[in-house]
Every structure is written in structure tokens, then in C-alpha cells.
Amino acid sequence: MEVQKSGLSLFLGLFLLLLSLVPLSVAKFVVEKNSLRVTSPEGLKGTYDSAIGNFGIPQYGGSMSGTVVFPKENQKGCREFSDAGISFQSKSGALPTFVLLDRGDCFFALKVWNAQKAGASAVLVADNVEERLITMDTPEEDGSTAKYIENITIPSALIEKSFGEKLKKEFSSGEMVSVSLDWREAVPHPDDRVEYELWTNSNDECGVKCNMLMEFLKDFKGAAQLLEKGGYSQFTPHYITWYCPQAFILSKQCKSQCINQGRYCAPDPEQDFSSGYDGKDVVIENLRQLCVFKVANETQKPWIWWDYVTDFQIRCPMKEKKYNKDCANDVIKSLGLDASKIEKCMGDPNADTENPVLKEEQDAQVGKGSRGDVTILPTLVVNNRQYRGKLVRGAVLKAICSGFEETTEPAICLSSDLETNECLDNNGGCWQDKAANLTACKDTFRGRVCECPLVDGVQFKGDGYTTCAASGSARCKINNGGCWHETRDGHTFSACTDHGNANCSCPPGFKGDGVKSCEDIDECKEKKACQCPECSCKNTWGSYECSCSGDLLYIRDHDTCISKVSGGRSAWTAVWVILIGLAMAAGGAYLVYKYRIRSYMDSEIRAIMAQYMPLDSQAEGPNYAGGNRV
């Protein structure tokens, strides 16, 4: 009976393992590629596809040039090259060495590791069958492979068999093959914000990959939070789950590895169904971490997720039997999160219904657009492209930084440990104004660009390489618009005008090109002013002084002299004429007023008297008899 039970457990365990691989038969896989360009020999020049290896450190956002060599011995790279006395170390001043190896007989990663130890800068693996390119992945973890996988630092790529044959043909002819690997377009870079997601797991007992993931979370936390707080990135965590086949929902294995009646499952952490933690414990904690992110995101602080997962890893490890709800709630409380909202988000794991949070995760596993299905943990996706390479802070940060549009990268992407500032060497070959400390060179993650600057609201225009000139109404604020200007004895003159005109012209009183020089015009000597007979001219810087002889006054607008006295008498005459005119007008107005008042009073008196006695002007009517008639 024990043999039967053991056989059944083994069968169910294998079935669940196969279940986790079911999506592979119908999955959508997208091979992430980089461009490989052959620069010589002439007959092989061109661009070829190559599949980025999922280990080592691809140079995201950059490129690498080198010469390709094909070893005469150990052509598959499954043994150490030092055994055959082979070294790929580049000599001083020489291009880096790219080693071409054949596929087969050993793991991809082991080939790359052996080439790296022999001094190779990159590895190209030629496929041994005609097929579509695949991704070279790491082997299953064990003690022997883990030792070298984590130490691989050079990039690698798989090339098609036909292309590999062409390279070998050139080698046999004695030709030197020069190539360039380019990762600059491996990640889309449309704008000033990068969207990236990490498919992770809370299980800390799954071997080498889990250890690497946990170390990465701790190391990358600071950079991730800096990017998120600055609005430079939008991060989303994800968790993979599988479902249990309907026929096995009531089995012991499904009940221990799944929640919500077999809808959401995870492998047993220790691969032992009889002891330790179960897969459902991992699913529940994964669900809790998803809800931590959702609640933190609602408070406009999504970066708290990084604090929770790293604190939970430190405070609640499986090895210390603290991987449970109580420990998780202590971490939640210490971070100031609302535990009740998180519990509500998680729902009931025993309910025979869909969990909306985990259902959304299962739907998200399916590839969309340029991103393939997610079936491997951990998986990093940057701007909807799956990251390939070692999951370490520097390499991942390079991939994220390559997702920014040029000149929009945050400062963290331009640090010296990630890229070289090309503007420091000869100003990158761009325009510069040393006097004003202005330059058109802009350092970006992909390399420098020559782009005329914007300074204090003033846009410089030009090709960025040889010319950049201030433009716009405020251009004179910046280095005087590139025009001539000079100050003497407290007087300043400039050839720049704020009229939107980018040209420089000397101000009145000066002549010259307006850019390098403006010379004073001697108006007296050149007889351009102060030329009246009574005038006496004296030249000044930028102007002139003109005086008149005797009691005369110089009128600059008319370039003439007039008498001060006559001007005074005329002025007083005009004043008296005005005063007399005003007095006469006032007297006339008074007379008119008196006349109108008198006429008005006369008419009023006549009207009153007409009520009591006839007036001479009134004719006596025929019925008048000195009284009333009946």
C-alpha cells in the first residue's frame, strides 16, 4: 500500500510539473535580438540578426566592435581553452576579441564561461541546425552550473547556421572579420518615461535563481525607488500562478499547492509534499505582495512595494519558520500601510470563485505585442521587451536607461559607472562658447548628441556642430546675443536688439560688423552733425556735443541754433495773448448771462401783472363789462 501511495504522489508531482510546462506548447515566444553588423571583409558586409543570451551582461544602449576568431581546437568551447594553450586576450591597442563557437555537446553558458576565462570580450554561438533563432538560456540550477553562471559578465549571442558557415569560410581564406554588436535598439525608447515590470516570487527556497532574485531586489531597491519617486519610471510587479486540472482538484497535492479550489497554484517550495511550507503558502504571500502594491499605489507611493518585499525577505524567511501572515502583518504595520485594505484586496483563498487580482495576473502572463509569454522566473520586461542577461543592478539599470528618449535620461543613468561622458573629450566635437560657458554637447546614455541649447528661456538655433546662435526676443540676455558690446565711463552700448532679429548691427554713433567690433563715428570730422554757422562741434564716444556761440540755443533735431531771448519774449507774448483772450471771453459770457437773466425776469413780471390788469398789448374782448355777465 505504501508503494502505491508513493507512486501516486510521484505521479501527481510529475503531473503538476508537466502542468507548469503546458503553456510552452501553445505559448508565444519572442526572441530578443540585437544587431550584428559585419564591417569587413567586403563580401560579407551587412547587418545580421543575433539572439541575445539570457546570461552575462548585454551592453544595453551601447555597442561593441571587435574582431572574430574561430579556434582551431575546442571549437564547441566545452573544455577550458587554457588546456590547449589558447588565449583570446586582446593586445594593447587592438580591438576586443569575439570568439565564434559551435553549438552542441554542452550548455551555452559553459561555452561562454570558458571563452571569458580565456580573455574573450564576447561570444558568438553558431547554430548547428537551420532554424529560427532561439534564446540561449541558463541550465537548470545545480552546484556545478551555479558557480560559473553568476560570474559570466561578457555578452553573448546566437547566430544562424548559414551565417556561421559564411564566417568560417572567410577564416579559411585568411580574411580578418570585423564585426560590431549593437544593443542600442534592443529596447524601445519612445519618450521620457520607462515602463517596466518584474515577474517575481516570494519563495526564498527555490535554489540559485531565488537567491539571485532576492539579492537583486535588495540591490536594486534604491535605484528603483529613485526612478519612481522622480516620475522617471512606472514599475509593476507580477507573479506567475498555474491552475490544477479539474480531475485532481480534490487531491491532497492540489489542496496543498493551490487556493480557490485549484484555480491558483504554485510549486512546493522544498519539492517535498509531506513537510515544510506548501505551494499555497507561496500563492497567498504572492497575493499579499500584489495587494501591498495596489494599496501603496492608491496612496501615490507605489515604491513602498520595494520596502515590503525586501523587509519581508529579511524578517520572515522560510528557514526560520517565519514565512506567515503574522510576520507579514508586522512588516505592513511598520510601513504604515492599511492592513484592512490589504486583507480586503486578498479576498477569501478558500472560496470557490475567481480571485480578480490573481486572475488578472494569469491573463497578463500571455504575451502581447512585442512581448512573449512569461513562463520563466524571474522575468524582467522593459518597455514591453523581455530583458535578457544577468539579473544584477548594473545590467538591469543599463537596460532601463536605454529605454529613455535621448537627452531625457535621469542623472542616475549618466553616472560614470554606467556610461562614459563623451562631452568631456574635445566637447564631443560640438559647438561651444567658452566665454559664456555654453555648449551644444549633451551627454546621453547612448552617446553624445550635438543640439543647440536652451538657456534661461532663450533657444539657440543652428546645426549644433559648428554654429549655434541665440534667437527670440530675449536673446540679448545671453552673452549679449553674440554681438559686440562695450562699456566706457559708465555708458554701455550694444549691437544686439531685442526685436527677434538674429543679426547684430552697430548702434547709432558707431560703425562696424556688429559682431566683433563697432567703432565710434566722429560726427564732427565727418560733418554729419553740428554743421550750422553758429555751431561748435565736439566728438564724444558714441555721440557728440554741439554748442552755439553767444546767447544762442542748439536744437538737436533741426541741427540749428536759435536765440534764447527772442524765444523768451515770444513765449511771454503768447502767454499774455492767451490771458487777454480768456478775459475777453469771460466778459462776453458775463454780458450774455446778464442779458438772459434780465429778459427772463421781465417776462415773469409781465405774466404776473397780466393776471390783475389788462395790458396795453391785450385787446378788450366784446363781452367785457367790468364784471361777469350772465
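## A left-handed link to start

With -80 degrees about its S-S bond, the link of Cys-548 and Cys-561 is left-handed. Distant parts of the chain are brought together by this pair, since Cys-548 sits in strand β26 (residues 543-548) and Cys-561 in strand β28 (residues 560-563), 13 residues apart. The two sulfur atoms of Cys-548 and Cys-561 are 1.9 Å apart, and both cysteines are buried. Please keep in mind as you look around that this is a predicted model.

Besides the link of Cys-548 and Cys-561, two others are worth a visit here.

One of them joins Cys-258 to Cys-265, with 2.0 Å from S to S. Its angle about the S-S bond is 105 degrees, which makes this link right-handed. Are Cys-258 and Cys-265 buried or exposed? Both are buried.

Another disulfide joins Cys-78 to Cys-106, with 2.1 Å from S to S. The link of Cys-78 and Cys-106 is left-handed, with -85 degrees about the S-S bond. Cys-78 lies in the loop between β3 (63-69) and β4 (97-102), while Cys-106 lies in the loop between β4 and α3 (108-117), so this pair ties together parts that are 28 residues apart in sequence.

In other words, six of the six residues of β4 are buried.

β4 has a parallel partner in β3, and three bridges join the two strands. In this pairing, Val-68 has Phe-98 of β4 as its bridge partner. β4 also runs parallel to strand β5 (residues 122-126), to which five bridges join it. Here the bridge partner of Val-99 is Val-123 in β5.

## Helix α3

Next, take a look at α3. How many of its 10 residues are buried? The number is eight, so the helix is mostly covered. The buried residues are Phe-108, Ala-109, Lys-111, Val-112, Trp-113, Asn-114, Ala-115 and Gln-116.

Just after α3 comes Gly-119, which takes a positive phi of about 105 degrees.

## Empty space inside

Rolling a probe the size of a water molecule over the atoms shows where empty space is left. In this model, there are two cavities of 30 Å³ or more. The largest cavity has a volume of about 90 Å³. It is lined by 15 residues, and the closest to its centre are Ser-202, Met-214, Gln-289, Val-309 and Gln-313.

Which helices each supply at least two residues of this lining? They are α6 (208-229) and α9 (304-315). α9 gives the most to the lining of the largest cavity, with four residues. By type, the lining residues divide into nine nonpolar, five polar and one charged.

## A buried serine

Ser-156 has its place in strand β6 (residues 156-159). Why does Ser-156 count as buried? Its relative accessible area is 6%, and the cut-off for buried is under 20%. Between Ser-156 and Leu-181 there are 9.7 Å in space, C-alpha to C-alpha, and the two are 25 residues apart in sequence.

## An annotated span

The last stop comes from a record. UniProt, in an unreviewed entry, places the feature "domain: EGF-like" at residues 504-518. In the model, this span is 0% helix and 13% strand. The end C-alpha atoms of residues 504-518 lie 10 Å apart.

Terms used:
Residues numbered from 1 in each chain as written. Predicted model: local features only at pLDDT ≥ 70, side-chain atom pairs only at ≥ 80, totals over all residues. Heavy atoms only, no water. UniProt positions renumbered as here; feature names shortened; annotations may be inferred. Disulfide = S-S within 2.5 Å. Buried < 20%, exposed > 50% of the residue type's maximum accessible area, 1.4 Å probe, protein only. 1 Å grid on protein atoms, 1.4 Å probe; cavity = no way out; pocket = protein on both sides within 12 Å on 5 of 7 lines; lining within 4 Å. Points joined across faces, edges and corners; volume = space filled by probe spheres on them. Nonpolar A, V, L, I, M, F, W, Y, C, P; charged D, E, K, R; others polar. Pairing = 2+ DSSP bridges.
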